[in-house]
Amino acid sequence: MPQNPDAMTNVEIAEVFERIANLMEIKGELVFKVRAYQRAAESLRDLPEEAAALDARGELPNVPGIGKAITEKIQELLSTGKLEFLNRLEEEVPPSLLDLLRVSGVGPKKVALFWKELGLLTLADLETAAKAGKIATLPGMGAKTETNILAGIAGLAARGSRMSLGKAFTAGQRWLTWLREFPGVQRAEAAGSLRRFKETVGDLDLVVACADSPALMAAFTSHPGVVRVLGQGENKSSIELHDGLRIQLWSQPPESFGALWMYATGSKDHNVRLRELAQRRKLSLSERGLTDETGNLLRYPSEEEVYAALGLDWVPPELREDRGEVDAALNHRLPRLIETNDLRAELHSHSTWSDGLLSIEDMALAAFQRGHKVLAVTDHSSYLGITRGMKPEDLPRQRAEIEEVRKRLGDRILILHGAEVDIRADGVLDYPDEALAQLDIVIASLHASLRQPREQITARLLNAIRNPHVDIIAHPTGRLLLDRAGADLDWQAVFQAVQENGTALEINAAPQRLDTDDIHARHAVSLGIPITINTDAHSAADLDQAFYGVSVARRAGLEKDAVINTWEPERITAWLKSR
DNA sequence: GCCGTTTTCGGCCCGACTGTTTTCAGTCG
């Protein structure tokens, strides 16, 4: 069945449903209806295939959270790009009100009140009304509400939306060190999306087991870096720092730490699933523990004990996204996820031959020191001037140097001579086949002209995949998180081509890339496509970022054997030769 | 609006904190 190449993507459709949910909430619709649209949006974001493809096979209603009504709305969006239901909703509820929801402390109920009682429509209206003291005249509101709203509006601009996983990780480590040194803190850990290794992180969520919680919370909220205290209680406090970073800190006594850590780790949807499961067992799950029918609170120091009390295996945080992991834990069918120390090879690295910082020998030693048995040196081709890439005629001299280093390092590490070859804007590879044939391993990647239309840029990638010398497609979309959107690929076509050609897809571990993402990596492995996790190292320190890539693989549910980098050197070379 | 080892109708997670209230609604995660 022919598909409309301009059809809306899953992400775009999800955004429509999120808009509907917010508008309906302001309108005062039943919260469960609102929740249904939110769930549908989340489901769409998790889909490895475009909704258009699923719809062509009549499979949309099989997607969790998508029923008859929402299927029809998706079909209307796919065929017309518009939705009559949304148009009518926007006539009832002015869409400019959605901006007001972004102010912290302001939710749908307050927005509805501002709109209906004071006729406010925009953020500017709200600011003017707050300054004029009109907000305090509304029922249930006072002077404090007004100052909070003004502070919230002021904070909107300063407040960065989300941060990269790398920034979150570094900040998290710093705060955990501070917490662990605080008297009475027995344990301090990261939770939230940082612990689940989501590709971007909103707020930092941290948890502690602490004997003297009030003292800790007081110290936390009066830390010198704090510009605003968003909340302070005995068990929970929230602060905003000068750079816009928000941190939430939860505390429970050590005997309840397991339930607290689970709760704060989320995801929200995973928690909801667990609470439903508890309910069916006549229990109630909260961050304090399980409460039985008689009101008796059962406390658990560790997460394992809470999961066990619900009849579940412990679920690795990276899987806690309500994508079927609860059922798997119930049936003892969770995957045995890959771990960072399973890695034996780095197959994408740069040296001073292009834009790397170290010589081939120093890179090889750095990789060896990190437990690797294989290092592929894959310097850039010359298409991108900025990388000081290599001409094909440079390759024999580089090969000679690699031979020298091999002699010096002996059997400590296997060095492969490779290249990261650019796929030019016209789809032609930067090196001729004769040059590629001389290399041990060839990576092809897109770096420029990423905004080409879907058909064009997909054709470009397919051309590289079909070249028999190309072993790996690196960071397929070329995205830079929070900075640059990736190529708008036709993933179905990409999957089919790599499947036919036995090409591997890379999960690029650089925290600003994390490309291939978890959703597509999961689907690729289900199709039998080999995955490789690489740091794209330009320095020794870059090699230490492999765990970010592993976290993507773990979120994708990957086991060790699905990832080439865990294989022994003989198996890797055999795989390369077989191609 | 979705969904079914209690249900095709009647449910749909739980608690902390805040600001306004004298008992609670709204927001948040």
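In this predicted model, a backbone N or O atom of Gln232 sits 2.5 Å from a phosphate oxygen of DNA strand B. Of the atoms of DNA strand B that come within 4 Å of the protein, 74% belong to sugar and phosphate.

**Polar contacts with DNA strand B**
- Lys268 reaches a base instead: a polar atom of the Lys268 side chain lies 3.2 Å from a base nitrogen of DNA strand B.

**What the surface near DNA strand B is made of**
- Several helices supply at least two residues each, namely α2 (31-46), α4 (68-80), α6 (108-118), α8 (143-158) and α13 (268-280).
- The strands β5 (226-232), β7 (246-252) and β8 (284-286) likewise supply at least two residues each.
- With five residues, α13 provides the largest share of this surface.
- Sorted by class, the surface near DNA strand B holds 16 nonpolar, 17 polar and 14 charged residues.

- Leu30 is placed in the loop between α1 (10-27) and α2.
- Leu30 counts as exposed because its relative accessibility is 54%, and the cut-off for exposed is over 50%.
- Together with Val31 and Phe32, Leu30 forms a nonpolar patch on the surface, and the three have about 340 Å² of accessible area together.

**Asp426, in a loop**
- Look for Asp426 in the loop between β13 (414-422) and α18 (433-437).
- Asp426 is exposed, since its relative accessibility comes to 59%.
- A polar atom of the Asp426 side chain lies 3.0 Å from the backbone nitrogen of Val428.
- Asp426 and Ser449 are 23 residues apart in sequence, and their C-alpha atoms are 9.4 Å apart in space.

**Ser349, in a strand**
- Ser349 is found in strand β11, which covers residues 345-349.
- Ser349 is buried because its relative accessible area is 1%, and buried means under 20%.
- The Ser349 side chain reaches the backbone oxygen of Ala376 at 2.7 Å.

Terms used
Residues are numbered from 1 along each chain as its sequence is written. Chains are lettered from A and ligands numbered from 1 in the order in which they are written. This is a predicted model: local features need pLDDT of at least 70, side-chain atom pairs count only at pLDDT 80 or more; totals for chains, interfaces and linings use all residues. Side-chain values use heavy atoms; hydrogens and water are left out. A residue is near a molecule or strand if one of its heavy atoms lies within 4 Å of it. A polar contact is a pair of N or O atoms within 3.5 Å; within protein, one must be able to donate a hydrogen and the other to accept it, and residues adjacent in sequence count only if both atoms are side-chain atoms. Helices (H or I, at least four residues) and strands (E, at least two) are DSSP runs, numbered from the N terminus. Ala, Val, Leu, Ile, Met, Phe, Trp, Tyr, Cys and Pro count as nonpolar, Asp, Glu, Lys and Arg as charged, and the others, Gly among them, as polar. Patches are made of residues with over 30% relative accessible area and no salt bridge: like charges are joined within 9 Å, nonpolar side chains (Val, Leu, Ile, Met, Phe, Trp, Tyr) within 5 Å. Accessible areas come from the Shrake-Rupley method with a 1.4 Å probe; for residues, only the protein chains shown count as cover. A salt bridge is a side-chain nitrogen of Lys or Arg within 4 Å of a carboxyl oxygen of Asp or Glu. Buried means under 20% relative accessible area, exposed over 50%, partly exposed in between (1.4 Å probe, protein chains only).
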